[in-house]
Amino acid sequence: MNEAIRYEPNDPCPPLVAIAVGAQGVMANMLGIVLIVAITARAGGQGDSYLSWAVFAALIISGTLTALQATRIGRFGAGHVLLMGVTTNFVAISVLALNEGGPSLLASLVVVSSLFYLLLSFWLPLLRRIITPVVSGTVLMLIAATVLPIALDRVPEVPEGTSDAAGPVIALVTLIATVVLALKVTGAWRLWSPIIGMGAGCVAAAFFGAFDFERVIEDPWFGVPNSGAPGFDLTPGAGFWALLPVFVVVTLVGGIKNISDSVAIQQASWRRPRVTDFRLVQGSLNTNGLGIFFSGLAGTPPTTVYSSKSVQLTTLTGVAARSVGFAAGALFALLAFFPKLTAVLTVIPSPVMGAYVLSAIGLLFVGGIQTVMRDGLDAQKAMVVGVAFSLGVGLENQTIFADLLGTTWGALLDNGVMVGAVVSVALTVFLDLTSPHRPRRLAVELDLSSLGEIDEFLEEVADQISWNEASSLRLRSAGEETLMSLLRSEDHGSRGETARLIIQARPDAGSVEMEFLAVFDEENLEDRLAYLSEESEGIEEGEISLRLLRHYASTVHHQKYHGLDVVTVQVKGTG
């Protein structure tokens, strides 16, 4: 029971409360949106004209998609408060695209990548076996490593005539203030620690005379940028094809992560725990894909969900009402039409920007480590992470393939994120294909007549790992008892329907883990099985008859999961 939640998603929330909470979310996240766009544009060699348009478009898209996430329109919307914005994930590759072919090349790459994201739901059962936590975590760590030089390059950027020590001192003040606040403060103050830290850095910048307010003075209070969307590169050359795989990999890794983002906000938004609604997960993913697509049309860095900040806002305020999402979305879009306000953020000194991104990169790197550790880290997985990360970081700082193949195609193979992602995927697939004990699967009706087929299936599993007759009998007996227990289940009997039974057996030399999935509602079944491996919260504990089952199995775990009855049984045996 989460008593801290004052307003659940479906609750009517007083307008002033919704606006106040929405404004808090906008103020905490608008800074990141503007600064990340500014750093991407400047590192990509773009001028003030493109920067003004990119910030304007990013805020409009963030507002529109934040409001859409809060509702449910067809197959779009998460039905919860999910703030949208530009993240650090795409900074490095967006800079590469801008340097290679300008905003039009970036627009083309983002649009094509968004199509892969929108197809994610169809590929999810396959992708979850390829883009594993090891692959996703490694890519997140490599993104952090490749963005780091971009952030550090901003530190010495100060106006002419300013002391050489100004940049490092300003960045250090910003970083120290941000880190100390993040470590020591609690509650709502923690949400504001990055803004307070940047305020301290700006004070230090003013002391050194490193502020340039000329653009703020020139920009009008209200209006839209003179420049518009940059259009597309309709004749894609080698640069497009060289960068496309990198964009697709980063997009899909982000998509897999967005699954857990949607699950997390569902769990944080209700007083009582409830099972995950996969229609809302699907709606959230589709909305994220739409955000990336619109960003491509506008020629700006991709917009996606701010998961941790959304959960943090809901947890700190106790307000999860959808009206907060509508209010935040409207405020994002409204602020886009006040260029003088956004100009105040874009003229923040580069050393302050660099320090801000540096702290965000640190959290991204730690997030990658946590993702890698999600399923445990044995010797094989450690080797995959170590080799992929080492090659990625090493090649990022070299021009080996560029010297051999030229700056266009060679740049692809010298890209650390791309190399690391390809190596981690290849090694993961290699481990799966060469495993002596590959998982096996059987689908039958949940009926007593299926007992013979199940018994034959489990006997083959035992033979595959060369178990002796006694161990094989124990495995088959455990399978029989699990089937009988599911058939006796009160829940099954009350439905009055014949369900499917899916058995997934994961053999090892000393044990076999069997997962029995009694499927009563097959809508979107493959997605649900894929999501099931991504998160464990929101699963209700069930009770099952264990009369004889514990005589054969070492562990038994029963869960009920919105249309699934899941029994996990582990049986130990010997050869």
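Phenylalanine 294 is partly exposed because its relative accessible area is 30%, and the cut-offs are these: buried means under 20% relative accessible area, exposed means over 50%, and partly exposed lies in between, with a 1.4 Å probe and protein chains only. Phenylalanine 294 sits in helix H10, residues 278-298. Helices (H or I, at least four residues) and strands (E, at least two) are DSSP runs, numbered from the N terminus. Together with Phe232, Leu234 and Leu297, Phe294 makes a nonpolar surface patch of about 380 Å². A patch is made of residues with over 30% relative accessible area and no salt bridge; like charges are joined within 9 Å, and nonpolar side chains (Val, Leu, Ile, Met, Phe, Trp, Tyr) within 5 Å. Accessible areas come from the Shrake-Rupley method with a 1.4 Å probe, and for residues only the protein chains shown count as cover.

The model is predicted: local features need pLDDT of at least 70, side-chain atom pairs count only at pLDDT 80 or more, and totals for chains, interfaces and linings use all residues. Residues are numbered from 1 along each chain as its sequence is written, and side-chain values use heavy atoms, with hydrogens and water left out.

Next, the protein as a whole. The protein has 23 helices and 8 strands. Of its 575 residues, 53% are buried. The accessible surface comes to about 24,200 Å², and 61% of that belongs to carbon and sulfur atoms. Contact means heavy atoms within 4.5 Å. Among contacts between residues at least 6 apart in sequence, 79% join residues at least 24 apart.

Several single residues show how parts of the chain meet. Valine 95 lies in helix H3, residues 91-118, and counts as buried because its relative accessible area is 7%. Leaving aside neighbours within four places in sequence, valine 95 is in contact with Thr40, Ala43, Gly44 and Ile150.

Glycine 318 belongs to the loop between helix H11 (307-317) and helix H12 (322-335). With a relative accessible area of 1%, glycine 318 is buried. Not counting residues up to four places away in sequence, glycine 318 touches Ala4, Ile5, Arg6, Tyr7 and Leu313. Between the C-alpha atoms of glycine 318 and arginine 271 there are 9.8 Å, and along the chain these residues are 47 apart.

Threonine 371 is part of helix H14, residues 350-373. Its relative accessibility is 11%, so threonine 371 counts as buried. Outside the four places on either side in sequence, threonine 371 touches Pro133, Ser136, Gly137 and Leu140.

Isoleucine 196, in helix H7 (residues 188-208), is partly exposed because its relative accessible area is 34%. Isoleucine 196 and alanine 177 are 19 residues apart in sequence, and their C-alpha atoms are 7.5 Å apart in space.

The remaining examples involve strand S3 and helix H19. Serine 450 lies in the loop between strand S3 (440-445) and helix H19 (451-464). Serine 450 counts as buried because its relative accessibility is 7%. Apart from neighbours within four places in sequence, serine 450 is in contact with Val444 and Glu445.

Side chains of opposite charge can pair when their charged atoms come close. A salt bridge is a side-chain nitrogen of Lys or Arg within 4 Å of a carboxyl oxygen of Asp or Glu. By this rule there are 2 salt bridges. One of them joins the side chains of glutamate 460 and arginine 440, at 3.0 Å from N to O. This pair links distant parts of the chain, with glutamate 460 in helix H19 and arginine 440 in strand S3, 20 residues apart. Glutamate 460 is partly exposed because its relative accessibility is 35%, and arginine 440 is partly exposed at 28%.

Aspartate 455 forms a salt bridge with arginine 476, and the closest N and O atoms are 3.0 Å apart. Here too distant parts of the chain are linked: aspartate 455 is in helix H19 and arginine 476 is in helix H20 (residues 469-488), 21 residues apart. Aspartate 455 counts as partly exposed at 25% relative accessibility, and arginine 476 is partly exposed with a relative accessible area of 22%.
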